[in-house]
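Visitor: I would like a short tour of this protein. Could you take my questions one at a time?

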Amino acid sequence: MRAVNQCVEDYRFVCRSDVNSYYATIAHAILKRQLKMLIPCETTLTLLHRMLDRLDDVNGVLHHVDIGLSKGNPISPLLGAMYLQQLDDELGQYCEKHALFYGRFMDDWVILCRTRPQLRTVVRLMNRVLNAVKMTKHPFKTYIGRLKTMGFDFLGYRIGNRLTKGLTIAWTTWANPLAKLRQLYEQGVSVTDIGQYVTRWWRWVWGRGEVE
């Protein structure tokens, strides 16, 4: 987050986006091909394939699952991180060649450009990769255009805010826990458990970067 914030003033345009329903849209066939290219051990590949090949019981009827990863699976974050490696390769190479900034965390990424033609190129590359892995951009979390005075939100922070001159907490980062607290109170959760939730959230906010 600090790296993005430190260099944002060198650029005029931004492409910030993430995947719509990331884990739920990971295609097993594409993931298996990626794993085969990365892992030489057949035993490991067999175990991973068995993990992916499962049946779901829907109202007593078994359905073969060929898309989506379980968020409760401890290996899902690793598989999710590598699923968009092609995005890193293509956008990373272009940005390195033209001295642009590219950064990704799981299914969230940001690209900083100096000119509008550069912005159009990275958007075209981004869309091509997403089509190749059968994914779409989140409609409400995507911003492509000129860097505004108020900056833009990324991973829960407001970056490039020329009014505050620093890395600040995004408005949604404040709003979401407030909604969660109302929900916990309505559910009758104990004060102790609510306090633990607030403590974890506060540590997350102040542990992700230097904010003002």
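**The core**

Guide: This is a predicted model. Its largest nonpolar core has 56 residues. Leu-112 and Phe-152 have the most contacts inside that core.

Visitor: Which cysteine does Leu-112 touch?

Guide: Leave out residues up to four places away in sequence. Leu-112 then touches residues including Val-4, Tyr-11, Phe-13 and Phe-152. The list also holds a cysteine, Cys-7.

Visitor: Is Cys-7 buried or exposed?

Guide: Buried means under 20% relative accessible area. Cys-7 has 15%, so Cys-7 is buried.

Visitor: How many disulfides are there?

Guide: A disulfide needs two cysteine sulfur atoms within 2.5 Å. For Cys-7, the nearest cysteine sulfur is that of Cys-95, 11 Å away. The sulfur of Cys-113 is 6.2 Å from its closest cysteine sulfur, in Cys-95, so this pair is too far apart for a bond. The disulfide count is zero.

**The surface**

Visitor: Which residues form a nonpolar patch on the surface?

Guide: The patch has about 340 Å² of accessible area in total. One member lies in helix H8, residues 191–207. The patch is formed by Trp-174, Trp-202 and Trp-206.

Visitor: How does Trp-206 count in terms of accessibility, and what is the value?

Guide: Buried residues fall under 20% and exposed ones over 50%. Trp-206 lies in between, so Trp-206 counts as partly exposed, at 41%.

Key
Residues numbered from 1 in each chain as written. Predicted model: local features only at pLDDT ≥ 70, side-chain atom pairs only at ≥ 80, totals over all residues. Heavy atoms only, no water. Patch = residues over 30% accessible without salt bridge, like charges linked within 9 Å, V, L, I, M, F, W, Y side chains within 5 Å. Areas by Shrake-Rupley, 256 points an atom, 1.4 Å probe, with all protein chains shown as cover. Salt bridge = Lys/Arg side-chain N within 4 Å of Asp/Glu carboxyl O. Helix = DSSP H or I, 4+ residues; strand = E, 2+ residues; numbered from the N terminus. Buried < 20%, exposed > 50% of the residue type's maximum accessible area, 1.4 Å probe, protein only. Core = buried A, V, L, I, M, F, W, Y, C linked by side-chain atoms within 4.5 Å. Contact = heavy atoms within 4.5 Å.
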